[in-house]
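Open the model in your viewer and keep the sequence panel beside it. The stops below say what to select and what is there.

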Amino acid sequence: MYRSHILVCGGTGCTSNKSFKIVEALNKELAERNLSEEVKVITTGCFGLCAKGPIMIVYPEGTFYHSIKVENVPEIIEEHIIGGKPVERLLHRENDGKVVNSLHETEFMKKQVRLALRNCGVIDPENIQEYIGRDGYQALAKVLTQMTPQDVIDVILASGLRGRGGAGFPTGLKWKFAKASQGPVKYVCCNADEGDPGAFMDRSVLEGDPHVVIEAMAIAAYAIGSNQGYVYVRAEYPIAVKRLQLAIDQAKEYGILGKNIFGTGFDFDLEIRLGAGAFVCGEETALMTSIEGKRGEPRPRPPFPAIKGLFGKPTILNNVETYANVPQIILKGAEWFSSIGTEKSKGTKVFALGGKIVNTGLVEVPMGTTLREVVFEIGGGIPNGKKFKAAQTGGPSGGCIPTEHLDVPIDYDNLIAIGSMMGSGGLIVMDEDNCMVDIAKFFLEFTVDESCGKCTPCRIGNKRLLELLTKVTDGTATLEDLDKMEQLCYYIKANSLCGLGQTAPNPVLSTLRYFRDEYVAHVVDKRCPAGVCKKLLKYSIDKDKCIGCGMCAKKCPADAISRTDYTAEGHKLASMAIDTNKCVKCGACMSTCKFGAVKKG
Amino acid sequence: MQIEQLNNIKNEMHKQFVNRLQENESTIKFCLGVKSSGITADKKALILSMIEYVSERFDNALVMFDSDLDDGLTVFCGGKTEYYGVNDFNAAKTVVDKYLA
């Protein structure tokens, strides 16, 4: 029994900020002060507010410290743990300067509802007993002893849970099809191959609560009649892989995986398969092909995996976040889950909030929350007083949502209606300094790089599309090229083999739809309004603002800046000028000038 | 493992979680005043006994020191705050039991 618990985030974000050094310092300080028996230090998964890491919470008060450094540790122990007074200097301050004592009182957390992330930042993910202490494996015990496989499927169907990996297919329906498929061997797979740029929801669940995935997969296996599962996880997620393997080992040691689980006669085993980072392996049939030991390429559907999946056997594949909801649905009931969210999208959604946003991090909100609430209330708005321009959801498969749709309730159907998609939950915010043509090009470059090459529309079509887009950013495109691009987008969408090819043109289509004026400015005016596209950029020096200090010339790597013979009124030295033929458009002059004399446009 | 063993672990771990509740989940807070005395050995012993006692009786309760309270015990429950001038375990138990009802 401990009188106080100090929880330190051990997610990837805080670990890269050396949170493990904080844990070491805390344990050392507590030992030196003979407090190790009354105060426990626990490394947890992600608390969500990654922008403020490393994060530490001291219970029972729930005092929230952020941006902690090793040198702060003795002060926290002395003043808080021994003295009983939180160190106010290290507490969180909201944008208006208000001091907030608890993470749950922050604007960042107020509108969040944590279902999939309920144990992240609460338990030690490397200790199965902590998971059990939070009702862990109770849902598995319930289904094995009180429910038939059909009961389980009925509950999941009634809950309205839809796949959190992208397309939003009803989870219960997928399970129902797999159960109906005949055959002695069936498989349960987990897609933890989170490949969208900026997305880290699944990684955080695996790092903070790996047992929830194991429990849900065992429940799914019981429901469809499977005895073997695979988790396909990116090798680039070392902490997640380590904790998941540890969790599997512990579950086997406790008899929760293996033969005759809870003495019910049900057998289930689970293995990890590491992905090598190919984006296409996030597509379900490519993922299964990769598990089979072959090159990760998609297969035509039908037959769907529920009929003929892994090794040709009936298979279900759900992603990490989908599974993370399952045990609670079993324990609390379908009605409870379906009471959260919108009519057609039940429950919550986890988003990885990134880009031009104050509170970068992981948020979980009920379906139906508006983008405005996510960006401006939870996310804290746009830094440096800049204006919101768009939010990109769904990664390379999604689209850009403009200001006019900030108040649309976020759910699967609404996002598709406005030209984007839920995707796995990456949410990248852009401000006025982002060029939307450049953003579309960024995502298309990613898709072209990651195309597996199996089907022509994706392999060749996206390449041609990228060439047209490059003409736009280079200022050599015509208005007819914009029409060609749009037409090509629809061909690629209609004819690609898998979901990745079918959605690859979405960033181009959505930016053409909402930001066509920016495309036209590139094509007609040969101008990038955001000042991003290098070939359309031109740096110049305002001769009346320039004081002639020459700092820009010193920084210029191309020797493109020289002194003129013009001296502005009130200045002692002649102003500088840029030779646009020599200029490499690196922007060094602009960032060096303290007088705002260098202009870009 | 049998389900009974699973439940035993759950109950044992539950005691650990009583003082690690997220504040918005807790419905009752028992706060021991330490402003005048500081966190002494006696106060530490008292709070550990109280944590154990409370964890066996409540699902959603916190036991914590209160550095703004001179001495005694304050209980926050259902939007109300009650103060009790108790400083030993037996007296504190009586207060805790009162809230069980």
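Two strands are taken as paired here if DSSP finds at least two bridges between them. The model is a predicted one.

**Stop 1: the strands of chain B**

Select residues 28-33 and residues 73-77 of chain B. These are strand 1 and strand 3, which run antiparallel and are joined by five bridges. Pick out Ile28(B): Cys77(B) of strand 3 stands opposite it.

Which residue of strand 4 is the bridge partner of Cys77(B)? The partner is Lys80(B). Two residues lie between the strands in this hairpin, and Gly78(B) there takes a positive phi near 55°.

**Stop 2: the sheet of chain A**

Move to chain A and display its strands. Four of them make an open sheet in the order 2-1-3-4, and the pairing is mixed. Strand 2 (39-44) and strand 4 (63-65) are at the edges with a single partner strand each, so one side of each has no neighbour in the sheet. On average, neighbouring strands of this sheet are turned by 20° against each other, direction ignored.

Next select residues 4-9 and residues 56-59 of chain A. These are strand 1 and strand 3, an antiparallel pair joined by four bridges. Within this pair, Ile6(A) has Val58(A) as its bridge partner in strand 3.

Then show residues 19-32 of chain A, which are helix 2. The helix lies across strand 1, strand 2 and strand 3 of chain A, and runs at about 170° to strand 2.

**Stop 3: where the chains meet**

Display both chains together. The contact takes 39 residues from chain A and 31 residues from chain B. About 3200 Å² is buried between the two chains, 59% of it on carbon and sulfur atoms.

How many salt bridges cross the interface of chain B and chain A? There are four. To see a salt bridge, select Lys10(B) and Asp135(A), whose side chains meet at 2.9 Å, N to O.

For the chain B side, colour helix 1 (3-18), helix 2 (41-55) and strand 2 (61-66); each supplies at least two of the residues that touch chain A. Helix 1 of chain B gives the most, with nine residues. By class, this side of chain B has 15 nonpolar, eight polar and eight charged residues.

Definitions and conventions. Residues are numbered from 1 along each chain as its sequence is written. Chains are lettered from A and ligands numbered from 1 in the order in which they are written. This is a predicted model: local features need pLDDT of at least 70, side-chain atom pairs count only at pLDDT 80 or more; totals for chains, interfaces and linings use all residues. Side-chain values use heavy atoms; hydrogens and water are left out. Axes are lines fitted to C-alpha atoms, for helices over the stretch in contact, and angles run from 0 to 180 degrees between N-to-C directions. Contact means heavy atoms within 4.5 Å. Buried area is the accessible area (1.4 Å probe) that two parts lose on being put together, summed over both. Ala, Val, Leu, Ile, Met, Phe, Trp, Tyr, Cys and Pro count as nonpolar, Asp, Glu, Lys and Arg as charged, and the others, Gly among them, as polar.
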